[in-house]
Amino acid sequence: MKIPVLDLKPQYQQLKAEIDQAIANVLESTQFVLGPEVKLLESEIANYLGVKHAIGVNSGTDALIIALRALKIEPGDEVITTSFSFYATAESISLVGAKPIFADIQADSFNIDPTTIKEKITSKTKAIIPVHLYGQPAAMAQINTIAQEFGLKVIEDCAQAFGAVYHGDCNHSYQSCDDNQQQKITGKYVGSIGDVGAYSFYPTKNLGAYGDGGMIVTNSDNIGELAQMLRVHGAKKNYHNELLGYNSRLDSLQACILRVKLKYINQWNKARRNIAENYNQLLANHPNIITPTITKGHVFHQYTIRVTNGKRDALKDYLANLGIGSMIYYPIPQDQLPVYKGQYQPNPITMKLAQEVLSLPIFPELSLEKVTEVAQAINNFQ
Ligand SMILES: *Cc1c(COP(=O)(O)O)cnc(C)c1O
């Protein structure tokens, strides 16, 4: 591809000296799993996000699973999440033995619609997992209000939203907003707003390692302690195991790479927002394309347009022929995947958007020239 959806090379080339040195130091130290680098990363991320505890784990998926376990979600429980996300979100709920229940989304934010959460609450509901999809903070004021009203826990799936900041629900077309709730959490990083935040450091994420990695963040001492135990076979003290846990430790090589990259994350997220603003301007007059809403605090893990004339797949092929990459996140809603065949009634907005979404090339180093080339190609396609 002449313009790929994502190119990780320029970032490594920029930071090669720093990263190679950090890796060499870890190799010399022979501390490969957890260890000082992981501890330092955990405290730096806790500090960055403004949370009390950060616990490094093997992946974003494990962060979700361990968060659910730390909140004592069990078989027989129901957890409400969005039907429009990567399967790891629902899978983690199923893997702890609970039942995922799928709420619909708001078309203008791609995120879970609080009014449809309320409709799905039963006596078995224990938690809500909003996903800050594409880097856009979900409507956390309303979600927290519902959680308080019904005694539910909130786990934020922040896999796509490292560095995203909540600035209110009202930017989207939600029906009502609780001003008090909103003021209390405005300006906070995602992951620090619910009971627990789950992050992924998969290489393609905004803060990406060079392998798998994840992190659980929380302000609760109790949840933090349980998460620490669960990642190392349910033990506080070696060989004194108390719980059925996991082998889900973050390794030092990933941690040292992430520590280098953390210093640049704000600058990279700013570059992503810039690209999104440029795309929005350049595509503003296209009759069959809806560009994404740019809210304050959105970090554009993906820049995702809606193609409203039924020609999404044709546009994707047309771009590919010009050497321009694009991706569909996600072609099949979570609740309609083969794994859940026949179990769920589809959610109408999610179904519609799954047919319309197309994610265009975006990464911090993508030049304005390339962005313009992509937009011009799209403008030539009606
Ligand atoms: C990537 C991703 C995950 C899973 O993270 P891994 O580190 O790949 O396990 C979970 N939820 C969402 C929304 C994601 O994008």
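Predicted model: local features only at pLDDT ≥ 70, side-chain atom pairs only at ≥ 80, totals over all residues.
The shell around the ligand counts 14 residues, of which Gly60, Thr61, Asp157, Ser200 and Lys205 come nearest. A polar side-chain atom of Thr61 is found 2.5 Å from a ligand oxygen, and a polar side-chain atom of Ser200 sits 2.6 Å from an oxygen atom of the ligand. Gly60 takes part through its backbone, with a polar backbone atom 2.7 Å from an oxygen atom of the ligand. The ligand on its own would expose 380 Å², and the protein buries 93% of that area. Two elements each supply two or more residues to the shell, namely helix H3 (60-70) and helix H4.

In one of them, the ring centres of Phe86 and Tyr330 are 6.2 Å apart and the planes meet at 35°, so the pair counts as tilted. Phe86 belongs to the loop between strand E2 (78-82) and helix H4 (88-95), while Tyr330 belongs to the loop between helix H11 (312-321) and helix H12 (348-356); the pair therefore ties together parts that are 244 residues apart in sequence. The two partners can also be described by their accessibility. Phe86 is partly exposed, because its relative accessible area of 47% falls between the limits of 20% and 50%. Tyr330 is buried, because its 12% is under 20%. Another pair, Tyr264 with Trp268, is stacked, with 5.6 Å from centre to centre and 25° between the planes. Within that pair, Trp268 is buried at a relative accessible area of 3%. Beyond these pairs, Tyr48, Phe162, Tyr189 and Tyr199 come together in one aromatic cluster.

Charged side chains complete the picture, and here the structure holds 13 salt bridges. One of them joins Asp77 to Lys126, with the closest N and O atoms 2.9 Å apart. Asp77 sits in the loop between H3 and E2 and Lys126 in strand E4 (residues 125-129), and this pair links distant parts of the chain, 49 residues apart. Asp77 is buried at 7% relative accessibility, whereas Lys126 is partly exposed at 35%.

A further salt bridge is formed by Arg312 and Asp313, whose closest N and O atoms are 2.7 Å apart. Arg312 is buried, with a relative accessible area of 5%, while Asp313 counts as partly exposed at 44%.

Lys352 and Glu356 both lie in helix H12, four residues apart, or about one turn of the helix, and their closest N and O atoms are 3.1 Å apart. Glu356 is buried, with a relative accessible area of 7%, and Lys352 is partly exposed at 44%. Finally, Glu37, Glu44 and Arg259 are linked in a network of salt bridges.

Key
Residues numbered from 1 in each chain as written. Heavy atoms only, no water. Phe/Tyr/Trp six-rings, centres within 6.5 Å; stacked < 30°, edge-to-face > 60°. Buried < 20%, exposed > 50% of the residue type's maximum accessible area, 1.4 Å probe, protein only. Near = heavy atom within 4 Å. Polar contact = N/O pair within 3.5 Å; in protein donor to acceptor, adjacent residues only side chain to side chain. Areas by Shrake-Rupley, 256 points an atom, 1.4 Å probe, with all protein chains shown as cover. Salt bridge = Lys/Arg side-chain N within 4 Å of Asp/Glu carboxyl O.
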